[in-house]
Amino acid sequence: MHYQGRRGLSPLFLTRPLTGMVLPLLALVVSSFAADGSSLQSTTADSAAVILRFGGDVLLAGYYESAMDDGPAQAFDGFPALADADVAMVNLECPVTVHGAKVSKPFNFRMSPRYLRVLSDAGIDIVSLANNHIYDYGKEGLFDTISYLDSVAIRHVGAGRDGEEAYRPVVCTLRGHTVAFLAYYGGGEAPGAGRNSSGVARRELGRIVNAITSVRRDSGATYVVVNLHWGTEKAEKPDASQRAFARALIDAGADAVIGHHPHVLQGIELYRSGVIVYSLGNFVFGGNSRSTYDTGLMEIRLGTGGPRYSFLPVRIADWRAKLLSGPDSAFVIERVRRLSTGFARSIFNK
């Protein structure tokens, strides 16, 4: 099944409309910021553009669940930036289940099914399941997660009940753009999916290169996004092996590489005709007690003249996401700009 875009959604695919409304704050291209991050240059809205937005790790469990105290979940109340995209995608950092036995490991998380509608109502269309917590409650937890996501029409990629499902891309067709989404995890906290065994899609270069080629050939994808759960926790810069790996994926035909796992923001590199977002950090993440922090969404706008890139600053305040503006926004953008200075080209400096 494929998306058909804001002007012709398939009722088999989505349960809600995607408006694609362009907020004044969001119609800004980050590469137009001045060196100090304080001046903005508005762009002309392209009504035919396809808007993709990506957030980092989402975990509505642990400290988040304790803070809600059985009250209404508030993570995305009054936060339109996900629903206003044609496709919004995050990394779902835990299973959705009340079943299964804890796998032996230092930290185990699971999200109550009552929070599913929080994700759906927020406008999240696709989640990556390729991460180190999706198997925290074993096969049963993963199977429940897939069933629950299917029940609210949230697509998933990067883990499955067998290898075929785990490695299967999500493909969306929107107003002349066919976009494919892939996701991989390379660590040891979740098993790799096999022919007859459940698990995650493994982050293996040769396999991903073949997948990029295959999805272009088989689906006619015109834009390929690869999600990677990787890197060193708390590190603000990717290491040399990550940079080489991401660049190899762009060389192989990927258009965007979207990273998460370090729990902090990292820089955003332009390489050849693609973009590499090394880490989007935490979005709403209940795995630690910190309830207020700055983060952001990566926006890719597909329209005439090639893709345009924006970083949209967000503050999580008492577990609730809100878009930033003014000096607060400029402060976060300047931070990401500084983290990007080690690249020859970035979205701040072409």
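Here are some questions and answers about this predicted model.

Residues are numbered from 1 along each chain as its sequence is written. In this predicted model, local features need pLDDT of at least 70 and side-chain atom pairs count only at pLDDT 80 or more, while totals for chains, interfaces and linings use all residues, and side-chain values use heavy atoms, with hydrogens and water left out.

Q: How many helices and strands does the chain have?
A: Helices here are DSSP runs of H or I with at least four residues, and strands are E runs of at least two, numbered from the N terminus. Going by that, the chain has seven helices and 16 strands.

Q: What share of the 350 residues in the chain is buried?
A: Buried means under 20% relative accessible area, with over 50% exposed and anything in between partly exposed (1.4 Å probe, protein chains only). For the 350 residues, the buried share comes to 57%.

Q: Which residues touch the most other members of the largest nonpolar core?
A: A nonpolar core is a set of buried Ala, Val, Leu, Ile, Met, Phe, Trp, Tyr and Cys residues joined through side-chain atoms within 4.5 Å. The largest one holds 84 residues. Those touching the most other members are F76, F181 and V275.

Q: Why does the span of helix 7 agree with what it should be?
A: The expected span is 1.5 Å times one less than the number of residues. Helix 7 has 14 residues (326-339), so it should span 20 Å. Its end C-alpha atoms agree with that, being apart by 20 Å.

Q: Which strands do the buried residues of helix 7 pack against?
A: The buried residues of this helix are S329, A330, V332, I333, E334, V336 and L339. They pack against strand 11 (268-271), strand 14 (293-303) and strand 15 (306-317).

Q: Is V336 buried or exposed?
A: V336 lies in helix 7. In contact terms (heavy atoms within 4.5 Å), V336 touches L265, Q266, G267, I268, F311 and F348, leaving out residues up to four places away in sequence. Its relative accessibility is 1%, so V336 counts as buried.

Q: Which residues are closest to the centre of the second largest pocket?
A: A pocket is an open set of points on a 1 Å grid over the protein atoms alone, where a 1.4 Å probe fits, with protein on both sides within 12 Å along at least five of seven lines; lining residues have an atom within 4 Å of a point. Of the 13 residues lining the second largest pocket, the closest to its centre are F107, F109, H133, E233 and H263.
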